[in-house]
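Please keep the sequence and the model open while reading.

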Amino acid sequence: MLKFHNSSELTDYLHSKRQHDLKVGFVPTMGALHEGHLSLIKASVSENDITVCSIFVNPTQFNNVSDLEHYPRSLEKDLLMLEENGCQVVFLPEVNELYAHESKREWNLQGLDLVFEGKSRPGHFLGVVRVVNLFFELVKPNVAYFGRKDFQQCMVIGWMVKTLELPIRLVFAPTLREQDGLAMSSRNVRLNPSQRKASVAIYRALLYAKEQLGQVEIDQLELACKSMIESEPELKVDYFSIVEAETLKPIHGFESAKNPVALTAVWAGEVRLIDNLELVS
Ligand code: AMP
């Protein structure tokens, strides 16, 4: 597996490969890899000639300094996992060197950045589109892989690729879960044993929403799910909302909903966990 720290060296290498018509798959990550990340790597390896994985804890998408400082890092282990799973190229840029390649652009995220994760983490999605667009310009992938675990992020990236008319196919892969249902996340290692145990209530509430959809009013169902989660004293719900998947707009009646999805963010102590479930499938 080749390792690049320098953006120009990466682009030169990929340019030489593209001349041989090799298909490039790209998986952006912030490291502290787990099976969820590896499912994206495996998909890319099976569908492309070269898989590029970036490991970059992007400061512009953190609105909270403590969250950035405490973000888990495990580079040596990550590199082994990538190598074992057939990843050919890992990109490990430095903040200043990477952002020196950014061209100035005004972003208008059409309000997608003002709800849910965007509302709770002001500036987060601006940081995400800045870094992902920068990566796309450098890597020029044929296909890029993202996890549905970050549902709103998938929508924002989908909007960006469409608006900029980028010739990149996007794959939004299913959420991988621990055996007890907790969505895999790099942040899970920060949970203490009792928070970890309590966090299962998040998936339980999402499943309950799926089971009960159409049986009760949407706002009642949201409240019931919120209470289910908060019946665990260590959990505090930031939001639990059932919305239209394509627009993230509220659903007023079950009958009129096309593709309802439940989105949630929950604090377990200092750790913020997000999860979602599409309710009709
Ligand atoms: P992160 O390192 O958290 O930025 O995640 C990198 C990519 O992995 C993003 O596209 C995430 O949506 C995806 N991802 C994170 N957790 C999971 C999971 N449990 N299942 C599938 N994909 C995931």
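Predicted model: local features only at pLDDT ≥ 70, side-chain atom pairs only at ≥ 80, totals over all residues.

1. Residues are numbered from 1 along each chain as its sequence is written, and side-chain values use heavy atoms, with hydrogens and water left out.

2. On the shell around the ligand: 17 residues surround the ligand, and the closest are Met30, Gly147, Asp150, Leu176 and Met184; a residue is near a molecule if one of its heavy atoms lies within 4 Å of it. At least two shell residues each come from strand S2 (24-29), helix H2 (35-47) and strand S5 (143-147), and H2 gives the most, with 3 residues. Helices here are DSSP runs of H or I with at least four residues, and strands are runs of E with at least two, numbered from the N terminus. By residue class the shell divides into 8 nonpolar, 7 polar and 2 charged, where Ala, Val, Leu, Ile, Met, Phe, Trp, Tyr, Cys and Pro count as nonpolar, Asp, Glu, Lys and Arg as charged, and the others, Gly among them, as polar.

3. Which protein atoms lie 2.9 Å from an oxygen or a nitrogen atom of the ligand? A backbone N or O atom of methionine 30 lies at that distance from a ligand oxygen, and a backbone N or O atom of leucine 176 lies 2.9 Å from a ligand nitrogen. From aspartate 150, a polar side-chain atom lies 2.6 Å from an oxygen atom of the ligand. Taken alone the ligand exposes 490 Å², of which the protein buries 93%; the areas come from the Shrake-Rupley method with a 1.4 Å probe.

4. On the aromatic rings: the structure holds 9 aromatic pairs, a pair being rings of Phe, Tyr or Trp (its six-membered ring) with centres within 6.5 Å, and edge-to-face meaning planes over 60 degrees apart. Phenylalanine 62 and tyrosine 71 form an edge-to-face pair, at 5.7 Å centre to centre and 80 degrees between the planes. Phenylalanine 136 and phenylalanine 146 are also edge-to-face, at 6.4 Å and 75 degrees, and this pair links helix H7 (residues 124-139) to strand S5. Phenylalanine 136 and phenylalanine 146 are both buried, and both belong to one aromatic cluster that includes Phe26 and Phe172.

5. On the cysteines: a search of the whole structure finds 0 disulfides, a disulfide being a pair of cysteine sulfur atoms within 2.5 Å. Cysteine 154 counts as buried because its relative accessibility is 5%, buried being under 20% relative accessible area, exposed over 50% and partly exposed in between (1.4 Å probe, protein chains only).

6. On the backbone: aspartate 21 has a positive phi of about 65 degrees although it is not a glycine, and lies in the loop between helix H1 (7-18) and S2. Lysine 140, likewise not a glycine, has a positive phi of about 45 degrees and sits in the loop between H7 and S5.

Terms used: Polar contact = N/O pair within 3.5 Å; in protein donor to acceptor, adjacent residues only side chain to side chain. Phe/Tyr/Trp six-rings, centres within 6.5 Å; stacked < 30°, edge-to-face > 60°.
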